[in-house]
Amino acid sequence: MNWWNEIYSHFDPVAFEIFGLKVHWYGLMYVIALLLALFLAKYFAKRSNFPFSDEVLDKYFIFVEIGVILGARLGYIFIYSNEQIFYLTHPWEIFNPFYNGEFVGISGMSYHGALIGFVISTYIFCKKYKENLWLLLDLVALSVPLAYVFGRIGNFLNKELFGKVTEVPWGIYVDGALRHPSQLYEAFLEGILIFIILIFYKKYKKFDGELISIYVILYSLMRFISEIFREPDIQLGVFVGFSMGQILSFLMLILGVIVYYYRLKKYKQTIKKI
C-alpha cells in the first residue's frame, strides 16, 4: 500500500513533450473521455433505436463541445475563481495557454459551467437542425457517465481536486498530508455507478426526457456525497457547512426533479389524448 500512498512522488503528470510543448495526462484523459462519449452515442443510437445518424452525431459532437468548453471555462472563472475582474478587463486571457512566454495550458474548468454550456448548445443545435431535443438528451445521458470517469481520472493524475485529510489506508499523500483520493470516488459514483443504473433502467423508459432527468438527479446526489470527502475550494470555503459543489448540486437536483415531472405530465397528457 505504501507505493499507492506515495504515488504522486513517483508519477509525472506530463505524459510526453512535442517540440517543447508538454502534453499532460490530464489532457489525454479528457480527449479519451470526449471520444468515448461520441463512440457510445453512436453505439447506443444503433443498438437502442435512437433515430440519429453518425453524420448527425458527428456534427452535434463538434457543436456541443464548443458550448461545453466555453461553459466549463467561464463557469470556473465566474463561480470558482477570485479573479473575475481581471478576466473581465482582460478577456483575451480566458483561453490564453501561455504564462510569461511559457506554455502552461489552460487551468480551471467547472462541471456545472460545462453543463450550462452543454444545455444551451444542445438547444441551439436542435432548433437549427430540427432534431428531437429530449430524445437527444436521453442519448447523451447514456453516453456521458462512462466517459466522465476518464475526466475524473485526469483530475487525479493532474494532482488536483484532492480530498480531505484522512487516516484510511488507501489515502494519497499530498504535500505531506494523507488525503482521500476523492477524484476516484467521483469517478466511481458519478461515472460508473450512474452508467450501470441508467443502462439497467433504459428498458423501462416511458417518455423522452426521462433518462436525462434521472441522470441529472443521480449526478446531483452522487456529487453531493462525493463532496463530503473532497477538500472545498480554498478560495470559496464552505457556506453554512456546505461546499459550493454541494450547493450547486442541490440546485441541480431541484432542476432534475422539475424536468422529470414536467416531462411526465406531458407524457400523461399525450396518453389521455390517445
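This is a predicted model: local features need pLDDT of at least 70, side-chain atom pairs count only at pLDDT 80 or more; totals for chains, interfaces and linings use all residues.

Trainee: Are E190 and R152 buried or exposed?
Mentor: Both are buried. R152 counts as buried because its relative accessibility is 6%, and E190 counts as buried because its value is 0%. The cut-off for buried is under 20% relative accessible area.

Trainee: Which side chain makes a polar contact with the side chain of R152?
Mentor: That's Y148, at 2.8 Å. The side chain of E190 makes a polar contact with the side chain of Y148 too, at 2.8 Å.

Trainee: And what does E190 touch, with the sequence neighbours up to four places away left out?
Mentor: P145, Y148, R152, Y219, M222, R223 and S226.

Trainee: Where does UniProt place the feature "binding site"?
Mentor: At R152, and the entry is unreviewed. The annotation may be inferred rather than shown by experiment, so I'd treat it as a record and leave it there.

Trainee: OK, let's do helix α8. How far does helix α8 reach?
Mentor: Helix α8 runs over residues 182–201, so 20 residues, and reaches 27 Å from its first C-alpha to its last. That is close to the 28 Å expected at 1.5 Å a residue.

Trainee: Where is the kink in α8 centred?
Mentor: On I194, and the kink is about 30°. I194 is also among the buried residues of α8.

Trainee: Which other residues of α8 are buried?
Mentor: S182, Q183, Y185, E186, A187, L189, E190, G191, F195 and L198 are buried as well.

Trainee: What covers the buried residues of α8?
Mentor: The cover includes α2 (7–10), α3 (25–47), α7 and α9 (210–226).

Trainee: Then α3 is next on my list. What do the buried residues of α3 pack against?
Mentor: They pack against β2 (21–24), α4 (54–80), α7 and α8. The buried residues are Y26, M29, A33, L36, A37, L38, L40, A41, K42, F44 and A45.

Trainee: How many residues does α3 have?
Mentor: It has 23 residues and reaches 32 Å from its first C-alpha to its last, close to the 33 Å expected at 1.5 Å a residue. After α3 comes N49, whose phi is positive, near 60°.

Trainee: Switching topic: what does K206 form a salt bridge with?
Mentor: With E210, and the closest N and O atoms are 3.1 Å apart. K206 counts as partly exposed because its relative accessibility is 39%. E210, on the other hand, is buried, with a relative accessible area of 0%.

Trainee: I also marked V257. Where is V257 found?
Mentor: In helix α10, residues 244–273. V257 is partly exposed, with a relative accessible area of 33%. The C-alpha atoms of V257 and I217 are separated by 6.7 Å, and the two residues are 40 residues apart along the chain.

Trainee: Last one, for the whole chain. How many helices and strands does the chain have?
Mentor: Ten helices and eight strands. Buried residues make up 42% of the 274 residues. Of the contacts with a separation of 6 or more, 68% are between residues 24 or more positions apart.

Definitions and conventions. Residues are numbered from 1 along each chain as its sequence is written. Side-chain values use heavy atoms; hydrogens and water are left out. Buried means under 20% relative accessible area, exposed over 50%, partly exposed in between (1.4 Å probe, protein chains only). A polar contact is a pair of N or O atoms within 3.5 Å; within protein, one must be able to donate a hydrogen and the other to accept it, and residues adjacent in sequence count only if both atoms are side-chain atoms. Helices (H or I, at least four residues) and strands (E, at least two) are DSSP runs, numbered from the N terminus. The bend at a residue is the angle between axes fitted to the seven residues ending there and the seven starting there. Contact means heavy atoms within 4.5 Å. A salt bridge is a side-chain nitrogen of Lys or Arg within 4 Å of a carboxyl oxygen of Asp or Glu.
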